[in-house]
Amino acid sequence: MGIVVLSCIGGASADEPDMRPAIGTKIAEFTFTDIRYLPRTLSEFEDRQAFVLVFTTLECPIVKRSLPKLKQLEADFRERGVQFLAINVGLEDSIVDVAEQAVRAGIGFPFVKDFSGEVVAAVGARRTPECVVLDADRVLRYRGRIDAEFRLGGVRPNAGRADLREALEDVLAKREVRVPETPVDGCLITPPRVPRRRDLTYHRDVAPLVQKHCQSCHQQRSAAPFSLLTFENVNAHAEMIAEVVAQRRMPPWYGASKYGEFVNNPSLTREEIDTIVDWAKGERLAGDPNDAPEPLPVHEAEWLIDEPDLVLSLPFTQKIPATGYIPYRYAVLPYVFLKDTWIQQIEINPGNNAVVHHCNMGYANVKDLDRNNFSAEENFITGFVPGGDPMVLDQGLGFRIPAGSIVGLQIHYVTTGEETTDRTSVGFVFAKEKIQKQTRHFQCHTSRFQIPPGASHHEVKVSRTFEHDSTGIGMFCHMHLRGKDMTFDATYPDGRTETLLSVPNYNFDWQSSYRWPDQKYKFPKGTKIDCTAHYDNSAFNPFNPDPTKTVRFGQQTYDEMMYGFLFFTQDDESLDLTIDPKTGHVVNSDRIDTE
């Protein structure tokens with residue numbers, strides 16, 4: 001129904017009746033999607049005196065020009081109980097890139113998405129950046145422009161009457177809005193796409209896409225909740241697949257599209273999305289099985305890496321209660337690395353995937369078993385996180401565990417409603433060829449921050465500088481439940497700047513790595529990396545443990561962290577180490593120089 005109404009209002013001519021709700025109409029509850037892909041309503045905002053809905057797209061030039069003005073208006077009215085929301089209606093605009101628009105504009109109020117056109121139809125919006133003001137009872141009080149400064153043909157020398165500001169003043173003063181409707185210069189809102197193709201078959205058109213983008217996760221021993229290896233599997237979940245694919249929620253990827261090139265980006269193209277959605281919304285024909293690609297081999301091995309040369313398990317089985325919150329647990333693995341050991345593949349393999357949320361691994365000298373040494377920056381090895389993958393290094397690269405070291409794990413367990421156990425293991429594959437470079441990393445990290453109660457966009461920033469000419473491998477970011485976004489910006493010695501990565505809608509439950517093509521990103525000595533994170537400690541954050549609490553750094557999930565990892569090698573390093581593939585030890589030890 002919303003699509004039909006939207007088609008009428010989007011292109012209505014002067015001779016057609018205006019089917020939009022009139023000023024003074026009480027607007028029924030509607031649903032929009034937040035940057036965490038959750039359905040939300042205005043009822044979730046408490047004690048608001050008014051709502052401002054601003055309809056946006058990523059490309060509309062008047063929207064772009066208007067963002068600073070909206071930022072200032074929101075700041076002026078925030079303490080007076082006015083809630084601003086940017087409602088994105090761009091058909092091609094992903095939630096990730098909508099969130100990135102807010103990050104780049106420095107705007108803390110919610111940017112959300114109207115996928116179905118429900119919000120547009122409910123309030124009668126026609127163009128972007130049209131503004132709609134609802135009072136505390138959701139009565140439509142104003143619909144129109146911000147002011148008259150930005151026009152389709154250019155910019156007026158002055159903004160004229162401050163229409164939106166004046167409307168808000170009237171609403172807050174509980175009087176009739178003096179000018180309740182104004183014309184809007186901007187981009188016409190296009191109604192949502194209706195599925196078109198009806199000749200699609202699963203085996204010919206859809207199976208290759210599911211195989212390429214979905215099946216590596218949607219099979220056994222993975223984080224996915226169900227299998228998608230057969231036509232029957234896909235057909236049984238077709239409606240859900242159509243929704244998550246159309247929203248670009250799946251395959252999961254949280255890097256903004258305009259920054260960086262990453263070899264592990266699984267995102268679908270527009271054409272691929274349309275193919276899957278049209279098939280799922282149509283007759284869902286199976287077609288000829290002979291048209292299907294050769295099936296992927298089903299992963300049945302215990303390990304995602306090659307068969308490990310060394311496997312270390314927790315010395316004791318961990319008992320996990322049925323309910324409650326479990327503080328981080330720490331365990332030292334029963335093995336001493338007597339000599340420098342070079343590793344090329346490492347996997348942390350949970351004994352019980354249902355209860356191991358994430359796990360970090362580090363090394364420490366056997367003479368110093370303080371658990372803090374395992375988590376020190378220079379001692380970090382790798383981690384297991386939902387959405388992550390094992391450490392698998394390219395040819396000629398290696399990770400060195402120093403002689404005299406032991407490794408320890410920091411494990412975050414979650415409860416599942418029933419008592420259970422876990423005995424996590426770690427697998428190591430020793431280097432099999434000469435090692436030329438040692439894999440290194442630095443962490444943009446600070447523990448010196450305080451996030452005020454209710455803050456929706458609290459900034460924390462850390463900088464690091466490359467001390468050698470270096471080549472990047474990739475990046476990773478880690479925060480907790482209030483983490484909202486993280487951006488890595490590089491400033492090169494010649495003054496040039498570049499955004500390396502923006503993760504504008506960070507997801508604690510799916511923490512991807514971001515891997516660059518080999519030798520693609522070079523960082524001369526002196527290159528500065530600025531890592532900027534924002535935290536949402538407001539009540540609108542659905543995962544916030546307590547929006548009334550000041551939040552500081554801490555190890556537990558209800559505390560916060562700020563870690564931006566950047567992995568690299570040093571260009572001036574040429575180790576030429578021959579490694580015993582059975583032990584990982586250096587054979588030509590006279591050549592070692594890794595400090």
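The model is predicted: local features need pLDDT of at least 70, side-chain atom pairs count only at pLDDT 80 or more, and totals for chains, interfaces and linings use all residues. Residues are numbered from 1 along each chain as its sequence is written, and side-chain values use heavy atoms, with hydrogens and water left out.

**Stop 1: helices H6 and H9**

Select residues 202-213, helix H6, together with H9 (270-281). Helices (H or I, at least four residues) and strands (E, at least two) are DSSP runs, numbered from the N terminus. The two helices pack at an angle of about 125°, with their axes 10 Å apart. Axes are lines fitted to C-alpha atoms, for helices over the stretch in contact, and angles run from 0 to 180 degrees between N-to-C directions. H6 is therefore oblique to H9; under 35 degrees counts as roughly parallel, over 145 as roughly antiparallel, 65 to 115 as roughly perpendicular, and the rest as oblique. For the contact (heavy atoms within 4.5 Å), show Tyr-202, Asp-205, Val-206, Leu-209, Lys-212 and His-213 of H6 with Glu-272, Thr-275, Ile-276 and Trp-279 of H9.

**Stop 2: Glu-307**

Go to Glu-307, in the loop between helix H9 and strand E12 (310-313). Glu-307 is exposed, at a relative accessible area of 62%. Buried means under 20% relative accessible area, exposed over 50%, and partly exposed in between (1.4 Å probe, protein chains only).

**Stop 3: strand E15**

Two strands pair if DSSP finds at least two bridges between them. The partners of E15 to select include:

- E22 (residues 425-430), antiparallel, joined by six bridges.
- E19 (residues 397-401), antiparallel over three bridges, with Ile-343 opposite Phe-399.
- E18 (residues 391-392), antiparallel, joined by two bridges, with Ile-346 opposite Met-391.

**Stop 4: a four-stranded sheet**

Next, show the open sheet with strand order E14-E20-E16-E17 and antiparallel pairing. Its edge strands, each pairing on one side only, are E14 (329-332) and E17 (380-384). On average, neighbouring strands here are turned by 20° against each other, direction ignored. Within the sheet, select E16 (residues 356-365) and E20 (residues 405-413), which are joined by nine bridges. Ala-364 sits opposite Ile-406 of E20.

**Stop 5: Thr-420**

Select Thr-420 in strand E21 (residues 420-422). Thr-420 is partly exposed, at 24% relative accessibility. Its side chain makes a polar contact of 3.0 Å with the side chain of Asn-352. A polar contact is a pair of N or O atoms within 3.5 Å; within protein, one must be able to donate a hydrogen and the other to accept it, and residues adjacent in sequence count only if both atoms are side-chain atoms. Lys-319 is 101 residues away in sequence from Thr-420 but 6.2 Å away in space, C-alpha to C-alpha.

**Stop 6: Asn-537**

Finish at Asn-537, in the loop between strands E32 (528-535) and E33 (551-552). Asn-537 is buried, with 0% relative accessibility. Its side chain makes polar contacts with the side chains of Arg-482, at 2.8 Å, and Asn-544, at 3.0 Å. Other residues touching Asn-537 include Ile-451, Pro-452, Asp-546 and Val-551.

Terms used. Lists of a residue's contacts leave out its neighbours within four places in sequence.
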